[in-house]
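Hi there,

Here is the structure I promised to pass on to you. Have a look at it first, and then read my notes below.

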Amino acid sequence: MYRSKYELQKNLGNVIKNLRQEKSINQLSNEIELSKSIWSELEKGKKDIRISTLWRIAEAFEIKPSSLLALVESRLGKDFSFIEDTSTFINNEKLPLA
């Protein structure tokens, strides 16, 4: 699960960094009242944010939160999940998939 959380945070950070290219961190920080240090941690994939913060970030980029999440989801790929498929394990050993 920690790997999945890190992948999510890293990809969210990359999406936000790409969207932010036209605005400065100072401008966005003031606009949605989020500190510059939080922005930096977020873009580096080191910050796990609340849904309310995600919503404010989406609004700052003038997109819907669902659109922001869709961008992140497309980067993660269709197989990304926090839930591990335990049906392919026997005695804690992963079985090869056919």
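In which helix does arginine 75 lie? Arginine 75 is part of helix α5, residues 65-76 (helices are DSSP runs of H or I with at least four residues, numbered from the N terminus). Before we go on: this is a predicted model, where local features need pLDDT of at least 70 and side-chain atom pairs count only at pLDDT 80 or more, while totals for chains, interfaces and linings use all residues. Residues are numbered from 1 along each chain as its sequence is written, and side-chain values use heavy atoms, leaving out hydrogens and water.

Arginine 75 has 40% relative accessibility, so it counts as partly exposed (buried is under 20% relative accessible area, exposed over 50%, partly exposed in between, with a 1.4 Å probe and protein chains only). Leaving aside neighbours within four places in sequence, arginine 75 is in contact with Asn11, Asn14, Val15 and Asn18 (contact means heavy atoms within 4.5 Å). Between arginine 75 and asparagine 14 there are 9.3 Å in space, C-alpha to C-alpha, and 61 residues in sequence.

Now for the aromatic rings. Rings of Phe, Tyr and Trp (its six-membered ring) pair if their centres lie within 6.5 Å; planes under 30 degrees apart are stacked, over 60 edge-to-face, and the rest tilted. The count comes to two aromatic pairs. Tryptophan 39 and phenylalanine 61 have ring centres 6.3 Å apart and planes at 75°, so they are edge-to-face. Both tryptophan 39 and phenylalanine 61 are buried. Phenylalanine 80 and phenylalanine 82 are also edge-to-face, because their planes are at 80°, with centres 5.4 Å apart.

Happy exploring!

Technical notes
Helices (H or I, at least four residues) and strands (E, at least two) are DSSP runs, numbered from the N terminus.
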